[in-house]
Amino acid sequence: MNGMIEPIVGRYLHVDIDGEMCRIYFEESGAGIPLVCLHTAGSDGRQWRHLLADEEFAKHFRIIAFDMPWHGKSNPPASWDGTEYQLTTARYTQTIRAFCKALQLDKPVVMGCSIGGRIVLNLAIDHAAEFRALIGLEGADFQAPWYDTSWLNRPDVHGGEVCAALVSGLMAPQSPANARAETLWAYKQGGPGVFKGDLYFYRVDGDLRGRVERIDTKVCPLFLLTGEYDFSCTPEDTERTAAAIAGASVTIMEQLGHFPMSENPEQFRRYISPVLDRIVALEAERAGQR
Amino acid sequence: MNSVSNATDAIITEAFANIPALLDQTPALIARGRFLDCECLLGPESHAFHVSIRQGRIVELTLSPVLMRSWRFSYRASATAFAEYWQPAPRPGFHDLLALTKRGEATLEGDLHPFMTNLQYFKDVLALPRRHFATAVS
């Protein structure tokens, strides 16, 4: 519709991450329960634009998506000297907690996809009381590698092309062509080595096997949703992870892959809507008990 | 090998042999591979093809084995895997070349540089029979 302005608003927030001030770009819409959305490795917050623009969800949630430093419109920190970027479990956890603290969010819901789906498990292990609920999309405690990440950052291979080509097959064949192309566009635009650096967390530093058993879903409800076409984090990986966590909710999403919120927003809505409804209901129950 | 798998092999081999013609009808894909000159070995494990690519166009396709012929990389999969891969909406795990390698249905070997620098090109070239395969099988 010509002239339509979406309800999404973008701003910059200065966030102290481990003693270093970072200028972080975030977008938000709606009002109510804070819902912080984490993008996948090598991409940025644009993946959440359909959720952010959803008028029904915005009635109950203040939906927030931020670009991690080095991603999207969040530049590297001013102190960066060009050293190869590497995301660690500690750094990722600090970034999310620092962002929520800087925005003064009251027990937000955090929903992450892929590396975001993995880190919410770490939030559930170590910081559950800080969150109202946690949602992991395409998340597991560990999954088997399926390619050598050194291909992602070398001068004789086009970084954007190879990053996008590698993840292109993670989407479901039923997902609309325009949404698939848009999902890949962010991969084509990523900074050199950023996708690879994020995968350091995924492949090397963020193995949560043997730790997820500590998650107490009575402290913080945990919802895990994985697309049937995701061969990186497979449904079996998610189901195995959930089996070790008492009370974790698991949904395998049909006709979706590794990027549910951006590769097929309508199909994803069918699955995430009941989860968000459940969180609203839990909140109402809690309010009634107070 | 029973007659059913023989028939599958024959259909897959025939579909592979049609890829150069399908590629010729897809100029955007040829343009995507315009910097690619390469000798590779592609196709079903039992009957792979030696493929010569020049500027993104397949200029020669020869059924293996060919005595002492070199190739830089190979991508070979089971006939069943290709039959699944070429369905209009392939099943999960059979919908991508690297999904097939992860599940052990395909093998990627050799010098992977030309494959990785043109990864989307090879994915799209090897998916070309998808448009016609289901019709051919039925």
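Biologist: Which elements each supply at least two residues of the lining of the largest pocket?
Modeller: α5 (159–168) and α6 (177–189) of chain A do, and so does α7 (119–126) of chain B. They're called helices because DSSP gives a run of H or I at least four residues long, whereas a strand is a run of E of at least two, and numbering goes from the N terminus. This is a predicted model, so local features need pLDDT of at least 70 and side-chain atom pairs 80 or more, while totals for chains, interfaces and linings use all residues, and side-chain values use heavy atoms without hydrogens or water. Residues are numbered from 1 along each chain as its sequence is written, with chains lettered from A and ligands numbered from 1 in the order written.

Biologist: What makes a space a pocket or a cavity?
Modeller: On a 1 Å grid over the protein atoms alone, a cavity is a set of points where a 1.4 Å probe fits but cannot get out, while a pocket is an open set with protein on both sides within 12 Å along at least five of seven lines; a lining residue has an atom within 4 Å of a point. The largest pocket holds about 530 Å³. It has 22 lining residues, and closest to its centre are A:Ser168, A:Arg180, A:Leu184, B:Gln120 and B:Asp124.

Biologist: How do the residues of that lining divide by class?
Modeller: Into 10 nonpolar, 4 polar and 8 charged. Ala, Val, Leu, Ile, Met, Phe, Trp, Tyr, Cys and Pro count as nonpolar, Asp, Glu, Lys and Arg as charged, and the others, Gly among them, as polar.

Biologist: How many cavities of 30 Å³ or more are there?
Modeller: The count comes to 2. The largest cavity has a volume of about 150 Å³, and A:Trp146, A:Tyr147, A:Leu199, A:Tyr202 and A:Ser232 are the closest to its centre among 18 lining residues. Helix α7 (residues 194–205) of chain A gives the largest share of that lining, 4 residues. The second largest cavity comes to about 40 Å³, with A:Met68, A:Pro69, A:Trp70, A:Tyr85, A:Leu87, A:Arg91 and A:Thr95 around it.

Biologist: Which residues of the two helices meet?
Modeller: A:Thr89, A:Tyr92, A:Thr93 and A:Ile96 of α3(A) meet A:Ile115, A:Gly116, A:Ile119, A:Asn122 and A:Leu123 of α4(A). Contact means heavy atoms within 4.5 Å. By class, this contact has 5 nonpolar, 4 polar and no charged residues.

Biologist: How much area do chain B and chain A bury between them?
Modeller: About 1500 Å², 65% of it on carbon and sulfur atoms. Buried area is the accessible area (1.4 Å probe) that the two parts lose on being put together, summed over both. As for residues, 17 of chain B are in contact with 21 of chain A.

Biologist: What makes the bond between B:Ser64 and B:Pro65 stand out?
Modeller: It's a cis peptide bond, with omega about 0°. Most peptide bonds are trans. B:Pro65 lies in the loop between β3 (57–63) and β4 (73–77) of chain B.

Conventions. Grid points are joined across faces, edges and corners, and a volume is the space filled by probe spheres set on the points.
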